[in-house]
Amino acid sequence: MDWQIDSAGTGDWHIGQGPDRRSVKVAHNYGIDISKQICRLFRPSDFDDFDHILVMDKSNLSNVLAMARNDADVKK
């Protein structure tokens, strides 16, 4: 499959940092290397770059929906 998966936050307190060492270990146990990932903020252009946007909680949902530019963004 030709998939692109990314991760972004809605708060700026971890920008530029790598993932938590525990997350790196869990991913490694599943054969996935996330050690070089760097935290970034969610941006409106992510609506253009991705078909599906998943959020972790209601606060993140509210933050992401506030950046939606149209109904198509909201549906993602």
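At 42% relative accessibility, Arg69 counts as partly exposed, a class that lies between buried (under 20% relative accessible area) and exposed (over 50%), with a 1.4 Å probe and protein chains only. The model is predicted: local features need pLDDT of at least 70, side-chain atom pairs count only at pLDDT 80 or more, and totals for chains, interfaces and linings use all residues. Residues are numbered from 1 along each chain as its sequence is written, and side-chain values use heavy atoms, leaving out hydrogens and water.

Arg69 takes part in salt bridges with Asp48 and with Asp73; the term denotes a side-chain nitrogen of Lys or Arg within 4 Å of a carboxyl oxygen of Asp or Glu. The whole structure holds 6 salt bridges, including those tabulated here.

| Salt bridge | Closest N to O distance |
|---|---|
| Asp6 and Arg40 | 2.8 Å |
| Arg69 and Asp73 | 2.8 Å |

Asp73 is buried at 4% relative accessibility. Shared partners join Asp6, Arg40, Arg43 and Asp46 into one network of salt bridges.

A nonpolar surface patch comprises Val55, Leu61, Leu65 and Val74, which together have about 280 Å² of accessible area. Patch residues have over 30% relative accessible area and no salt bridge; like charges are joined within 9 Å, and nonpolar side chains (Val, Leu, Ile, Met, Phe, Trp, Tyr) within 5 Å. Accessible areas come from the Shrake-Rupley method with a 1.4 Å probe, and for residues only the protein chains shown count as cover. Leu61 is partly exposed, at 38% relative accessibility.
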